[in-house]
Amino acid sequence: MKRVYVNEEWCLGCHLCEYNCAFANSGESDMVKALKGKPIRPRIRVEGDDRITYAVSCRHCLDPLCIRSCISGAIHREDGVVCIDREKCVGCLTCVLVCPYGAVQPGPDGAAMKCELCLHNAAGEPACAAGCPNRAIVYEEREEGQA
Amino acid sequence: MPGIDYFYPEFEVVRRDERCIRCRVCERQCANEVHRYDAERDMLISDEAKCVNCQRCVSLCPTRALKIVRSDCRLRENANWDGDTIREVYKQAASGGVLLSSMGNPKPLPVYWDKLLINASQVTNPSIDPLREPMETKVFLGKKPDRMTRDAEGRLKTDLTPQLELSMPVMFSAMSYGSISYNAHASLARAATEMGVCYNTGEGGLHEDFYRYGPHTIVQVASGRFGVHEDYLEAGAAIEIKMGQGAKPGIGGHLPGAKVGPDVSRTRMIPEGSDAISPAPHHDIYSIEDLRQLVWSLKEATGHRKPVIVKVAAVHNIAAIASGIARSGADIIAIDGFRGGTGAAPTRIRDHVGIPIELALSSVDQRLRDEGIRNNVSLVVGGSIRSSADVVKAVALGADACYIATAAVLALGCHLCRTCQSGKCNWGIATQRPDLTKRLNPEIGSQRLVNLLTAWKREIMELMGGMGINSIEALRGNRLMLRGVGLNETELRILGISHAGE
Amino acid sequence: MKKYLIIGGSIAGVSCAEGIRSRDGEGEITLVTAEAFSNYGRPLISYYLEGKTDIPRMSWRGEDFYEKNRVQVRHGVTAEKLEPEAKRVILSTGEALSYDALCLCLGSHPFSPRFEGLETVENRFFFTTLEDALALEKAVGKESRVLIVGAGFIGLKCAEGLRDRAGSVTVCDLAAHAMSANLDADCAPILEKHLAENGLRLMLGDTVTKFEGKTARMKSGKTVKFDVLVIAIGTRPNVSLLAEAGGAVNKGILAGERMETSLPGVWAAGDCTESMDVSAGEAGLLAVLPNASLQGFCAGVNMAGGAEKFDKGIKMNSIGFFGLHIMSAGTYTEPVYTEITEHSCKKLFAAGGVLTGFILLGDVSRAGIYTSLIRERTPLETVDFEALKKEPSLLPFGQAFRAKKLGGAV
């Protein structure tokens, strides 16, 4: 399955992935309209210090703790992609409690939110990878279990 | 010097605030620290005095909120004292120093390529469609025999001196590791390998990681002799003796100690942090005879298995110089025109020394033919080859191949801001700062170079096909394929071509 | 064809069926549940009262789960007797079901101390099942005064669920602080203040000594008038089915890391079990939904011949009250980091070179990174713990870790 992978050797810490993510998931067709004057809620997060930067988003684990732990059964797989049914989610954030990557966060309406590989928006394929200026974030197939 | 800023900044940063989403990518990406986020006012502010117009921020701004424009705050119009000239006086009056700049000569001197036009077949001779018919762009650089010879049994003698095989008549010219980044080198090395051409180490030595690209590497030996050792010479496909460079003929080079980090230091075989100074001349070469000694020393050192290139800047008596080199035992002469780029050069030298490559090439080719020694050497020309059309024109004027560097760094993202000497290249090319060099991912860089060469190769084949020529060898020195426009008699004579319409 | 029998239709039971089906597509699975509803997360019942979910959405694995996984379900039936030698279970219907592999997902039952006069209270409820919630929904009206005994998370979630439905909600607890099992004296006051600001009346360090109809006489001498009483003092694992059949039981059913009981062919999972708590280094009740699910799945895989382990169990909880999130995990040993503000609290506990527990109140971002440290028993000397204390991120784990975790499928 294709996943989003991050190679920190090439991450510039420019944070564009966060903005591209927030835009892709905004439902708007214009980035300015979508993001100007608002706090962004990206599903990918740039971490690091002044030397190292990298972005973290849902790993779509082979055996996701969040799916097992979700009290409402809102987290499920769609063709391998770990997705949250925000109608079912009650916002208890048990997924935030168990995700070892810190890749789930509360959304604006209280329901949990995470990367769904742009499966449910108009971007077509992950906007973070498509917009990464240095190909630090890639969306590709890698052998499972291979680093 | 205290007090007054004598001139208004050269560029203005125009930010369309209605588009700015405060993502701060401009701030994060500007090594010159032009942009700054003011949290109190929730806005980005710019100090245009620091801007070099490299347009990194413009390219990365996701909402196209930014542009950099030339300031319209000018001094009174003066055709003699233009703004740049006055600015330079101010600068020198403040600093007392030699002006430094980089990349190629930006002055509006004639570009002869643009005054040459290429022929095409019509009616009386057929053109060739490169999509349907084979088209050969491969070239071999090196000495060629003057005539066919046979042995006692009458078999053709085919033992040639070493040749450099290129899939197309284009190579990446010398840029040292030090002047450009590791990742820029990696991009060039990978692309040269993929395309079946060569890149050139410059005089910075060869990083240990790049030995595997050896068959597509030209290793340079220059006046500083940095990084030269046996394995280095053995690693390359050819060895280039650098006598001069088009951007700064007659002077040496200077890599500031700040750029000599651990890796550069190891590769150049000099102490970390020390200035790498290449002397103006090779101190062991004061004559063609001395040059001949070095050429043969290098051949001896590598078992006569590598062609030796001698690179010179195009200067006034280039034809005579080339004649000497062709007799020195060199296999290839590389001539670098006055528009050639550099990572740093004194501005006056860059802008006022040397001659155009087009004129140098045609006079050298003619001189070597006249003297019957054209086959002794191949000719490679550089110094602002900007497109496939320039390549075709150069070959028609007599070149065996071209060197490109500015076009290559443009492909890597260079925006020709001409401040390489600052070491703060925002595109990760002309810098050694780790946070900046990582901006050039060689995976992207090499792909862009491959794309560029692939496109040029296709265009070369189309231009050749139009002329009814299916082999680049048949174009070399074929000046009948060129006509001049707007050139005077002398220029036409030197170029060895007729005027358009003739 | 193997015959699987699962007793219990909550998360452990459903996960067990998933575990079996992950390895065995053929075997016959029968699931017996006492409830009329099954396959829903019990913690959802307060959200149901709050109107954040409804019965169709509460289905944990979807209404077609049993059908899709070819699970025969028997609703409203209880298992009365286990005969391990005969490998069969006698049901409340008198029927005997034989099995090759049995999984007991018996859950727990609410616990109530003997309150004097409790029998005089007409409207009294527990709050652990959907049926409890539905009954409460009926019993509570706009004017109702609700008294909840127990300020643990069941009691407080119930209080949150009922606040907008009832006239008033009072919560009392003998402990000095709210959620005393999860929070300490530093963190609890922030929650208490928040609950009070959101309209709950808390009576802490106080409990009922005697009920007289609609009046509760408190230990402090106060009296509380109420219409509806909810007992939310705690739960106890259901162990009798196994214990009576001779299986090993402590507080809960003793199941090893493969979730197998002392009786051959009998597995157990969920709130009825006692498992190794890796943060405490000893077995205990780890009765929270994520563990039930992990245990159930593990049991299912092993029942079908696999080799799954449940060996990273800890207590952990994520809960929110009126927008204030609280997370806690593991065992509170030595506090190694404390950060308290007016609206937030963060405490980390470590012992023996590993993180053993934490409390987060307010900012719960990326808490899973801490949880993972506890579960994996990551030696703190292998990470930059000083940096981690301040902010959970992957930076302190080092490049090799990140290359593996962010560069491959995990």
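**Notebook: chains A, B and C**

I began with the chains that stay apart: chain B and chain C share no contact, and their closest C-alpha atoms lie 16 Å apart. I note here that what I am reading is a predicted model. Two pairs of chains do touch, and of these I found the most contacts between chains A and C.

**Entry on chains A and B**

I then looked up the contact between chain A and chain B, to which chain A gives 16 residues and chain B gives 14 residues. On the side of chain A that touches chain B, the elements giving two or more residues are helix 1 (16-24) and helix 2 (31-35) of chain A. I sorted that side of chain A by class and noted nine nonpolar, four polar and three charged residues.

**Entry on chain B as a whole**

For chain B I listed 16 helices and 21 strands. Its radius of gyration is 24 Å, close to the 23 Å that the globule rule gives for 502 residues, so chain B is as compact as a globular protein of that length. Taken along the principal axes, the C-alpha atoms of chain B fill a box of roughly 90 × 60 × 45 Å. I also looked up burial, and buried residues make up 50% of the 502 residues in this chain. Of the contacts in chain B with a separation of 6 or more, 68% come from residues 24 or more positions apart.

**Entry on the domains of chain B**

Into which domains is chain B divided? I wrote down domain 1 (11-97) and domain 2 (139-146 + 166-499), and the centres of these two domains of chain B, taken over C-alpha atoms, are separated by 33 Å. Where they meet, nine residues of domain 1 of chain B are in contact with seven residues of domain 2 of chain B. The domain 1 side of that contact in chain B has four nonpolar, four polar and one charged residues.

**Entry on the sheet of chain B**

I followed an open sheet of eight strands in chain B, which are ordered 9-19-18-16-15-12-11-10 with parallel pairing. Its edge strands are strand 9 (170-172) and strand 10 (199-200) of chain B, each of which pairs on one side only. Helix 8 (residues 318-326) of chain B packs on this sheet, where it touches strand 15 (308-313) and strand 16 (332-336) of chain B, and the direction of helix 8 makes about 155 degrees with that of strand 16. I looked at one pairing in detail: strand 11 (residues 217-221) and strand 12 (residues 238-242) of chain B run parallel and are joined by four bridges. I218(B) has A238(B), in strand 12 of chain B, as its bridge partner.

**Entry on chain C**

Chain C is divided into domain 1 (3-108 + 237-303), domain 2 (118-231) and domain 3 (325-407). I looked up domains 1 and 3 of chain C, whose C-alpha centres lie 32 Å apart, and found four residues of domain 1 in contact with seven residues of domain 3.

Last, I turned to strand 24 (residues 334-340) and strand 25 (residues 345-351) of chain C: do they run parallel or antiparallel? They run antiparallel and are joined by six bridges, and they form a hairpin with four residues between them. Within this pairing, T338(C) stands opposite K347(C) of strand 25 of chain C.

Terms used: Residues numbered from 1 in each chain as written. Chains lettered and ligands numbered in written order. Predicted model: local features only at pLDDT ≥ 70, side-chain atom pairs only at ≥ 80, totals over all residues. Pairing = 2+ DSSP bridges. Nonpolar A, V, L, I, M, F, W, Y, C, P; charged D, E, K, R; others polar. Domains from an automatic or database assignment. Axes fitted to C-alpha atoms, helices over the stretch in contact; angles between N-to-C directions. Rg over C-alpha atoms; globule rule 2.2 N^0.38 Å. Buried ≥ 20, exposed ≤ 12 C-beta atoms within 10 Å, placed from the backbone.
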